[in-house]
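This briefing goes through a protein structure topic by topic. Please look over the sequence and the 3D view before reading the points below.

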Amino acid sequence: MLSKINPVKTRAWKKLEAHYKKISKVHVRDMFRQNAGRFEEFSIRFGDILLDYSKNIIDSETMSLLTSLAVECGVKEAAGKMFSGDIINETEKRSVLHTALRNRSGNPVFVNGKDVMPQVGSVLKKMKAFSDKIINGEWKGYSGKRITDIVNIGIGGSDLGPVMVTEALRPYWKEGMSVHFVSNVDGTHIAETLKKVNPETVLFLVASKTFTTQETMTNAFTARDWFLENAKKDMYIKNHFAALSTNEKAVTSFGIDPENMFEFWDWVGGRYSLWSAIGLSIACVIGFDNFNELLEGAYSMDQHFINAPVEKNIPVILGLTGIWYNNFFNAQTHAILPYDQYLHRFAAYFQQGDMESNGKSVDREGRMVGYQTGPVIWGEPGTNGQHAFYQLIHQGTKVIPADFIAPAISHNPVGDHHIKLLSNFFAQTEALMNGKTALEVREELQASGKNEEEIKFLTPFKVFTGDRPTNSILVKKITPSTLGALIAMYEHKIFVQGIIWNIYSFDQWGVELGKQLANKILPELHDENIISSHDQSTNSLINAYKNMRKKG
């Protein structure tokens, strides 16, 4: 059971409120002038990852108070409970053990007195055997041809994680293998995907723990119908479908051989499940050895998180600085900006990871919180974002903390592309920190030959206040191991913030309400009857839809 500490009532929080009033008047560029060792003080190296958080609106006192907040709120104790299998998802009475899925220590991990590591090891062994057969061509389709395309059918955590990882690790794809993902119940998603694959050489992975998820099973049955139109015989389903599920009866009824069913457990949350059998699509396209390296990288970050002191702990520092802006600067959002095209789904992945975890307004005692919890997470790859929304980050009225992520070494060293990309990566955080003063603007305009009237007019539009907070995360190269560490880093950051905000990060009751209402509305859409069972707006929309359908 987690402790229930209201962060606002801690000594550290009250001191931070007073400290904010003082430091919010000091510009970060002045802090650099006053501290020649600022970068060394506010940066951490971990393996091939360098975190530079020196461009934040912080000083040594800020970090001391923030780490005191982490200590008062019991972050380290809570982490120990998570790793040891305690039931910290208390509203669903579950342990939270995605960390056990990548446990490399050889030590047991217990849930309700039972060591789960033998089960984890067994599923990983089965995943290896299966993915090896797919990649080496031993697994044949119904016509005797090897599998060339994997189609993962899932939604939420059963989709976003594998999508993000396979895209991030595209340089590691095995020759002759491709992977596709279907999640949206909109028929367009499955229809367009089926146009790209051959029924003789495709393998569908249906990812649903219960094998009842509406979106997933709707798409799965459509895929099965399409497959049987071509293959004709039900007996061939076993060659082209596998299940990531625990419902053997439903899986068998669908036509999938139970031998091709991969288990995962209720202590694996959907948005933390890519390390489990949900990652089978990853293993099938990059190979199990690379999937194993992904686990190794995550495990290394797990060990750092559980063992490093709070003041030198990367996930803790990221979590604390996020709280600093969210709760004291009233920042509403946080941007994740990867300068690597392969990471183009990274921000989208952590939209779910963060917002589904910490988008809560009730604390662990069931009371409405009196402070802000999770921010809106968003972002796009650089340099695309620079030509889209950076204007608002630079000169808008909102404080938008941002994480900039880049590899030092590119998988595609084409011409001078990567050097130009990195020049933007370095320049943006420098510009956001320093800004440009009115004096600097005047000097630039004078040098460009502008007259005094033009200078007076243009100056206010070209001034940048700076003092816009950023973290720079520079990695050597995007490898399976490095990516695993980065993902685990953000997972633990989210955990830290949830503990300090005194909320339950591992349930998602808000997702359920919409599902319940959709199930109520669905049968009402099958006829032409006028609907009056909802609010006026919803009734009118449904009736307008029926009228459009009838006329169309």
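Not counting residues up to four places away in sequence, Asp403 touches His334, Ala335, Ile336, Leu337, Asn471, Ile473, Tyr490 and Lys493, where contact means heavy atoms within 4.5 Å. The model is predicted: local features need pLDDT of at least 70, side-chain atom pairs count only at pLDDT 80 or more, and totals for chains, interfaces and linings use all residues. Residues are numbered from 1 along each chain as its sequence is written, and side-chain values use heavy atoms, with hydrogens and water left out.

- Asp403 is found in strand S12 (residues 402-407); helices (H or I, at least four residues) and strands (E, at least two) are DSSP runs, numbered from the N terminus.
- With a relative accessible area of 0%, Asp403 is buried; buried means under 20% relative accessible area, exposed over 50%, and partly exposed in between (1.4 Å probe, protein chains only).
- Asp403 and Glu248 are 155 residues apart in sequence, and 43 Å apart in space from C-alpha to C-alpha.
- Leu51 belongs to strand S2 (residues 49-52) and counts as buried at 1% relative accessibility.
- Neighbours within four places in sequence left aside, Leu51 is in contact with Phe42, Ser43, Ile44, Ile314, Ile317, Leu318, Asn471, Ser472 and Ile473.
- Between the C-alpha atoms of Leu51 and Met127 there are 34 Å, and these residues are 76 residues apart along the chain.
- Ala78 lies in helix H5 and is buried, with a relative accessible area of 5%.
- Leaving aside neighbours within four places in sequence, Ala78 is in contact with Leu2, Phe495 and Ile499.
- Ala78 and Met31 are 47 residues apart in sequence and 34 Å apart in space, C-alpha to C-alpha.

**Helices H5 and H13**

- The axes of helix H5 (residues 75-83) and helix H13 (residues 288-307) come within 9 Å and cross at roughly 140°.
- Axes are lines fitted to C-alpha atoms, for helices over the stretch in contact, and angles run from 0 to 180 degrees between N-to-C directions.
- H5 and H13 are therefore oblique to each other; angles under 35 degrees count as roughly parallel, over 145 as roughly antiparallel, 65 to 115 as roughly perpendicular and the rest as oblique.
- On the H5 side, Lys76, Ala79, Gly80 and Phe83 meet Asp302, Phe305, Ile306 and Asn307 in H13.
- Sorted by class, this contact of H5 with H13 has four nonpolar, two polar and two charged residues.
- In this sorting, Ala, Val, Leu, Ile, Met, Phe, Trp, Tyr, Cys and Pro count as nonpolar, Asp, Glu, Lys and Arg as charged, and the others, Gly among them, as polar.

**Aromatic rings**

- How many aromatic pairs does the structure hold? There are 36.
- Rings of Phe, Tyr and Trp (its six-membered ring) pair if their centres lie within 6.5 Å; planes under 30 degrees apart count as stacked, over 60 as edge-to-face and the rest as tilted.
- Phe305 and Phe495 form an edge-to-face pair, with 6.1 Å from centre to centre and 85° between the planes.
- Phe305 lies in helix H13 and Phe495 in helix H20 (residues 480-500), so this pair ties together parts that are 190 residues apart in sequence.
- Phe305 counts as buried at 1% relative accessibility, and Phe495 counts as buried at 3%.
- The ring centres of Tyr325 and Phe329 are 5.3 Å apart and the planes are at 55°, so this pair is tilted.
- Tyr325 is buried, with a relative accessible area of 2%, and Phe329 counts as buried at 13%.
- Ring pairs also link a cluster made of Tyr142, Phe204, Phe211, Phe221, Trp226, Phe227, Tyr236, Phe241 and Phe254.

**Backbone details**

- Most residues other than glycine have a negative phi, and most peptide bonds are trans.
- Asn330 has a positive phi, near 60°, and its place is in the loop between helix H14 (314-328) and strand S10 (333-338).
- Asn502 also has a positive phi, of about 60°, and its place is in the loop between H20 and helix H21 (509-521).
- Is each of these residues buried or exposed? Asn330 counts as exposed at 52% relative accessibility, whereas Asn502 counts as buried at 0%.
- Gly382 and Thr383 are joined by a cis peptide bond, with omega about 10°.
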